[in-house]
Amino acid sequence: MGEQYRGGFCAAIGEGEGGEDLEADARRRIASGAMHLWQADEQPVSIAAGAGPTPHGIRINLVYTPPHLRKRGYASATVAALSQ
């Protein structure tokens, strides 16, 4: 699931498809809690990754929602869930 979103993120920022095994990486990061996959109606709609703590919070990166699903608050919900 998350590998499609990770690949979309890499393509959107001009890094091709990411170069590594995106499926294995996405599954590992989701399982460890380092990446959060937001779902709506049991379908993945957005993804975000945590990059570690700061003195006053947490760093969030790799936030991606496919273009056809944007403007629905999915990325905000994903970031909020990951930051909890």
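Analyst: The secondary structure of the protein chain comes to three helices and three strands, where helices (H or I, at least four residues) and strands (E, at least two) are DSSP runs, numbered from the N terminus. Along the sequence these elements follow the pattern α-α-β-β-β-α. The model is predicted, and local features need pLDDT of at least 70, side-chain atom pairs count only at pLDDT 80 or more, while totals for chains, interfaces and linings use all residues. Residues are numbered from 1 along each chain as its sequence is written, and side-chain values use heavy atoms, with hydrogens and water left out.

User: What makes β1 and β2 a pair of strands?

Analyst: Two strands pair if DSSP finds at least two bridges between them. Strand β1 (residues 35-40) and strand β2 (residues 43-54) run antiparallel and are joined by six bridges, so they meet that definition.

User: Why is Thr-65 called buried?

Analyst: Thr-65 has a relative accessible area of 7%, and buried means under 20%, exposed over 50%, and partly exposed in between (1.4 Å probe, protein chains only), so Thr-65 counts as buried. Thr-65 is found in the loop between β3 (57-64) and α3 (74-83). Leaving aside its neighbours within four places in sequence, Thr-65 is in contact (heavy atoms within 4.5 Å) with Val-45, Ser-46, Arg-70, Tyr-74 and Ala-75.

User: What makes the approach of Thr-65 to the side chain of Ser-46 a polar contact?

Analyst: A polar contact is a pair of N or O atoms within 3.5 Å; within protein, one must be able to donate a hydrogen and the other to accept it, and residues adjacent in sequence count only if both atoms are side-chain atoms. The side chains of Thr-65 and Ser-46 make such a contact at 2.8 Å, so the distance falls within the limit.

User: Why are Glu-42 and Lys-71 called exposed?

Analyst: Glu-42 has a relative accessible area of 71% and Lys-71 stands at 86% relative accessibility, so each value is over 50% and each residue counts as exposed. Glu-42 lies in the loop between β1 and β2, and its phi is near 65°, a positive value in a residue other than glycine. Lys-71 is found in the loop between β3 and α3, and its phi, near 70°, is also a positive value in a residue other than glycine.

User: What makes the group with Ala-26 and Met-35 a nonpolar core?

Analyst: A nonpolar core is a set of buried Ala, Val, Leu, Ile, Met, Phe, Trp, Tyr and Cys residues joined through side-chain atoms within 4.5 Å. The largest such core has seven residues, namely Ala-26, Met-35, Leu-37, Ile-47, Ala-49, Leu-62 and Tyr-64. Each of β1, β2 and β3 supplies at least two residues of this core. In soluble globular proteins, nonpolar side chains tend to be buried together.

User: How do you know that the buried residues of α3 line one face of the helix?

Analyst: In α3, Tyr-74, Thr-78 and Leu-82 are buried. Seen down the axis of α3, the buried residues fall within an arc of 65° (the arc of the directions from the helix axis to the C-beta atoms), so they line one face of the helix. These buried residues of α3 pack against β1, β2 and β3.
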